[in-house]
Amino acid sequence: TASDKNEYASLLNDYAVGLSEMGHHKQALEAARESVRIYRELSAGNPAAFLPNLALSLNNMANRLSNVGQRKLALEAAQEAVELYRDLCAINPAAFRPALAQSLNNLANMLSDVGQHEQALEAAQEAVKLYRDLCAGNPASFRQGIAISLDTLANRLSDVGQHEQALEAALEAATLFRDLNKTYPDFFCSYLETALHTLLSCLQAMNRSAEAAAVEAELQQLQKNTNPKHNT
C-alpha cells in the first residue's frame, strides 16, 4: 500500500543519513536513491500527500551524491528540491518556509562545489533572508538555522571576494553558535568549530592577525575541551 511504501521510503532516508555518518557513503547513496524513487512513484499518484517527502528525500540524496563526489548530480537534486519547496510554499508558506530556507542553504553549497559562485551567493542570501524572517517570529526555533546559513553566506561572500561582508556574516554566525554552545555543548560544539574556522579564514583574508590569533586560541581551547584526553 501507499502507506507501507511511505514508511519504507522514510526509513530508507533515515538509514541513508545513518550510513553517511558512519562513512558508508556508497551504501548511503543507494538508500537515498531508492527513497527518491519510491517518493516519485507515490507523488505521481498523490502529489498533495507526497511531494513534501519527495523534496526532503531529494535534499538527502543531494548530500549523499556530494559525499561521493558526484557534484553535478548533487546540484541537480538540490535544485529540484528547491523548486518543489517553492511550489509548496506558494500553497502553504507557514508550513514550508523553514524547509525552503534549509534547501536554499544546501543549494548554495552545491552551486559553490561546481564553481557557480554568483548563483551560490544568491541562494545563500535568500536562505539568510528567510531565516531572519522566521527568527523574527520564533527566534528559539530558528537560531540554529540562521547561524548555519550565515556561516554558508560568509563562505559564499569570500568566494566572490566580498571580504568585509563575509567577515560580518562570519562574526554573527560565530556569536550565535557561541551562545548555543553554552547551552548545548554536546550538540553545538562541532558547529561552533566550523563557524570559528570560517571566521578565522575571513580574518586572515583581511590580514587582521591579532584577531585571527585570538580565534585560533579559541579554537584550540574548544578542541581541548572536546577531547580532554589531549589535555595531558
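Let's start in helix α9, where F187 and Y191 sit four residues apart and so are separated by about one helical turn; helices here are DSSP runs of H or I with at least four residues, numbered from the N terminus. This is a predicted model, in which local features need pLDDT of at least 70, side-chain atom pairs count only at pLDDT 80 or more, and totals for chains, interfaces and linings use all residues. Residues are numbered from 1 along each chain as its sequence is written, and side-chain values use heavy atoms, with hydrogens and water left out.

Now for the rings. The structure holds six aromatic pairs, where rings of Phe, Tyr and Trp (its six-membered ring) pair if their centres lie within 6.5 Å, and planes under 30 degrees apart count as stacked, over 60 as edge-to-face and the rest as tilted. One of them is F177 with Y191, a stacked pair at 5.5 Å centre to centre and 15° between the planes. F177 belongs to helix α8 (residues 163-183) and Y191 to helix α9 (residues 185-205), so this pair ties together parts that are 14 residues apart in sequence.

Y191 also pairs with F187, this time tilted, with 5.7 Å centre to centre and 35° between the planes.

How about exposure? F177 is buried at a relative accessible area of 2% (buried means under 20%, exposed over 50%, partly exposed in between, with a 1.4 Å probe and protein chains only). Y191 is partly exposed at 28%, and F187 is partly exposed at 48%.

Zooming out, ring pairs link F177, Y184, F187, F188 and Y191 into a cluster.

Notes
Helix = DSSP H or I, 4+ residues; strand = E, 2+ residues; numbered from the N terminus.
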